[in-house]
Amino acid sequence: MIPYIVRRLAAGAGLALVITLIVYLLIGTSFEDVARTILGQSATPEATAALLEARGWDRPILVQYVEWLAAALQGDFGASVYTSLPVLPEVLSRLAVTLSLIVPALLITATLSIVLGVWAASRGGVVDRIAQGVSVFGYIIPGLLLAIGLVVLFGVQLGWLPATGYTRFGDDPAGWARSITIPVIVLVVGGVANMSAQVRGRMVDELRRDYVRTLRTRGVSSRSIVLKHALRNAGSPALTVMSLEFINMFGAALIIENVFALPGFGNYAFNATLQGDIPVMLGISTFGVVLVTVVNLATDIANGWLNPKARVH
Amino acid sequence: MSRRTGHRFAGAALAAGLLAAAGCAAQGAAPDAQGEARTLEFGVPQPPNSLDPIELHDGVQRYVWGSLFDTLLALDHEGELQPNAAESWSYSDDALTLTLDLRDDMSFSDGDPVTAHDVQGTLERTLENAGPQRGNLSAVESIDVPDDHTVVLNLSEPDDNLLVSLAQAAGVIGDPETLDAPETALDPVGSGPYTLNEERTQDGTVYVLDRRDDHWNADTYPFETVTIRPIQDRTAMFNSVLSGELDAGTVDPAQAEHAEAAGLTLTEVEGASLAMLVLADRDGTTTPALADVRVRQAVNMAIDRAAVVESLHHGLGTPTAQIFHPLTAGHAAELDETYPYDLEHARALMADAGYEDGFSMSMPGNIMSTHFQATLVQAFDDIGIELTWDPVPPQTSTQSTDWPAYWNIGGATTPSRVVAQFYAEDGSNNPFGTSDPKLRELLDAVAEETDPERADDLYRQINEFGVEQAWFSPVLWITTIWATAEDVEYVGSAVSPMDLRVFDTAE
């Protein structure tokens with residue numbers, strides 16, 4: 001098990017390396033643009049050249065990448081070219097904001113999806129049609145539109161929840177809950193639409209299997225069949241969907257955080273990309289890859305626990 | 001600036017939205033009547049990059065740093081220079097020595113008095129480090145401090161942009177003892193009217209400022225606590241203003257009607273920014289046709305400016321053929337008549353120049369130009385120029401020799417800044433470094449001119465040169481709309497520096 005985890009993490013690190021190099025090559029040619037943006041309206045040719053030299057940006061791209069990499073391996077991800085603030089603490093504090101949004105959203109999504117999916121698959125009929133209706137509804141409503149609609153209703157018209165902004169949990173837990181409510185609802189609606197359909201489909205398949213019929217003939221209660229046997233077998237693919245959903249939500253955060261002016265990872269990535277803040281983009285890429293790798297690994301390990309056939313040795 | 005109550009907004013628009021760079025939003029005045037603490041909370045499109053004096057930017061970033069630092073001079077709402085930290089200033093006859101007399105009642109937030117040595121230390125540090133403000137002080141050769149309240153700047157050449165720069169970011173006074181400390185980027189020691197409330201401030205997300213009642217100019221600032229929230233997304237900004245979370249903010253024309261219906265006061269700031277084509281390759285380095293003044297004039301006559309204002313900007317703008325702001329020296333109303341929309345005349349000019357069959361050229365297309373691209377393609381096509389837009393990401397600088405011309409939207413500014421950026425050979429908006437003997441003479445003359453009235457006349461002549469030679473094809477001055485809650489009033493103009501002096505309590 002441990003060699004497996006090490007192998008997977010090493011593969012993740014390799015992937016991070018390749019992706020950061022690609023990111024670097026894609027954006028690396030624009031140091032002059034970055035210098036001009038920093039200087040703004042006083043970007044005379046001399047001033048631009050002086051800044052390029054002062055920051056060492058006039059050296060070959062690959063030399064600069066190798067230097068960045070060497071420092072990054074020692075935990076130094078450099079500093080934003082615009083704010084001069086170190087990237088690492090900023091990335092971590094931004095990640096905390098995004099995770100404080102995504103983790104509750106994911107837990108609610110999983111709970112609702114399992115309840116809805118299991119209920120629909122085991123009851124059928126009207127219940128099933130309602131569950132599928134909910135799912136289709138979640139699919140067809142664009143997240144951005146829903147976000148704006150909810151802000152207008154609850155933030156602007158009713159004034160129940162803040163329209164924008166973020167309160168840190170440590171400062172005011174109730175304020176934090178209020179500030180993430182609408183973004184979490186938006187993420188949950190999209191998540192449940194996807195995941196409940198997957199759970200339902202898988203449960204329907206499981207309930208048609210031979211072992212279920214055998215259990216029924218033995219007089220095992222429906223409740224026990226659904227919750228103890230079928231759900232456990234359906235759990236494994238649901239878990240995979242959940243990990244994909246986590247990654248999806250991470251992507252959705254890019255838009256959501258801008259709509260709600262939340263100081264999260266997506267907002268940080270968005271601004272860094274717009275400005276061409278190279279060290280920040282590299283830091284974000286690295287942490288993005290590491291996060292996805294860890295989530296996938298955790299999913300595989302959890303799958304092994306749920307399903308012995310998927311277990312790795 | 002005018003206040004409005006009517007219904008003039010129809011569709012959606014991008015106008016003010018485009019101006020994230022020049023516009024901003026404000027929130028929050030809570031107030032009160034008899035002696036209760038007054039607060040102001042407003043939004044800005046962008047947080048300050050850093051609060052270190054060598055990294056400061058003018059424009060919307062000033063709302064935060066302008067509260068923490070005093071600048072040597074100030075600009076009023078008419079764009080005129082006023083005393084500030086320096087009570088008075090004077091130039092030597094050859095305009096090579098500038099003497100500033102400082103107030104004697106200034107102190108830093110840590111209690112130390114502000115002296116001429118602090119001014120010297122801050123300016124010298126800005127000159128030693130490559131950063132956005134160094135260029136604005138490039139004429140300064142050395143700085144003398146004859147006594148604690150006098151600073152003398154010795155210049156290598158006359159610079160008409162220097163005084164204005166001292167009223168902007170290049171003129172802040174920092175505390176040399178703490179400037180190199182890492183905290184300076186986030187919470188600097190300054191002598192400004194406010195200090196940063198460290199506990200409630202989250203860098204990049206929210207800045208809370210507490211007024212220093214012992215500041216020499218505290219009476220100018222009616223708000224005891226000011227909260228500034230950077231909100232980049234236009235819809236998020238609008239929702240924050242509408243929900244009452246913010247006391248003030250800029251809104252797009254399409255949002256204005258809703259804001260008004262919600263009981264907010266709208267204030268139009270006319271001419272907040274200028275949308276224009278910079279016809280940069282006037283020597284024909286990459287596009288020979290642009291070297292002919294007739295071709296550049298034809299471009300000016302092919303654009304129906306009034307129609308652009310009406311249909312692309314909901315009428316919220318003013319057509320213009322010159323780049324000097326109507327509120328400032330150098331502007332001449334009659335110059336706006338130079339290039340009426342006249343396709344026949346334009347085609348004749350193209351034919352005279354030998355381009356009857358037209359030519360093709362490209363310009364960089366980004367988020368600032370998208371809204372105008374189709375209209376410009378049509379206008380160029382009308383006189384035979386095949387215009388293509390090369391899509392470029394927002395971080396790519398368009399002010400380069402990669403394109404013969406480019407679309408530019410920039411905030412209104414003073415004549416000396418216009419000259420430094422658009423006319424000087426090394427100006428950021430003169431990428432090909434075009435010059436002209438007649439222009440050079442005018443630029444030298446205005447740099448040396450210490451008499452304001454004569455300088456104003458020289459600016460007008462420089463403006464005339466630019467219009468006649470069609471160095472640019474200006475299109476319109478864009479109006480910004482401020483929405484404010486009932487306790488707050490926006491009192492600034494298009495040329496006001498973006499700091500807290502643009503807000504007042506509504507009586």
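**Entry 1: ground rules.** I am working with a predicted model, where local features need pLDDT of at least 70, side-chain atom pairs count only at pLDDT 80 or more, and totals for chains, interfaces and linings use all residues. Residues are numbered from 1 along each chain as its sequence is written, chains are lettered from A and ligands numbered from 1 in the order in which they are written, and side-chain values use heavy atoms, leaving out hydrogens and water.

**Entry 2: chain A in parts.** I looked up the domains of chain A and found domain 1 (2-72) and domain 2 (88-276). Such bounds come from an automatic or database domain assignment. The C-alpha centres of these two domains lie 35 Å apart. Next I checked the UniProt record. Its unreviewed entry places "domain: ABC transmembrane type-1" on residues 95-299 of chain A. UniProt positions follow the numbering used here, feature names are shortened, and annotations may be inferred rather than shown by experiment. I then looked at the fold of residues 95-299 of chain A: 85% helix and 0% strand. Here helices (H or I, at least four residues) and strands (E, at least two) are DSSP runs, numbered from the N terminus.

**Entry 3: ring pairs.** I searched the whole structure and got 24 aromatic pairs over all chains. Rings of Phe, Tyr and Trp (its six-membered ring) pair if their centres lie within 6.5 Å; planes under 30 degrees apart are stacked, over 60 edge-to-face, and the rest tilted. A:F169 and A:W176 are edge-to-face, at 5.1 Å centre to centre and 85 degrees between the planes. A:F169 is partly exposed because its relative accessibility is 48%, while A:W176 is buried at 17%. Buried means under 20% relative accessible area, exposed over 50%, and partly exposed in between (1.4 Å probe, protein chains only).

**Entry 4: a ring cluster.** Ring pairs link B:F324, B:F422, B:Y423, B:F465, B:W471 and B:F472. B:R282 lies over the face of B:F472, 5.2 Å from the ring centre. The rule: NZ of Lys or CZ of Arg within 6 Å of the ring centre and within 35 degrees of the ring normal.

**Entry 5: helix α11 of chain A.** Which residues of this helix (265-275) are buried? I list A:F265, A:G266, A:N267, A:Y268, A:A269 and A:A272. After the helix comes A:G276, with a positive phi near 70 degrees.
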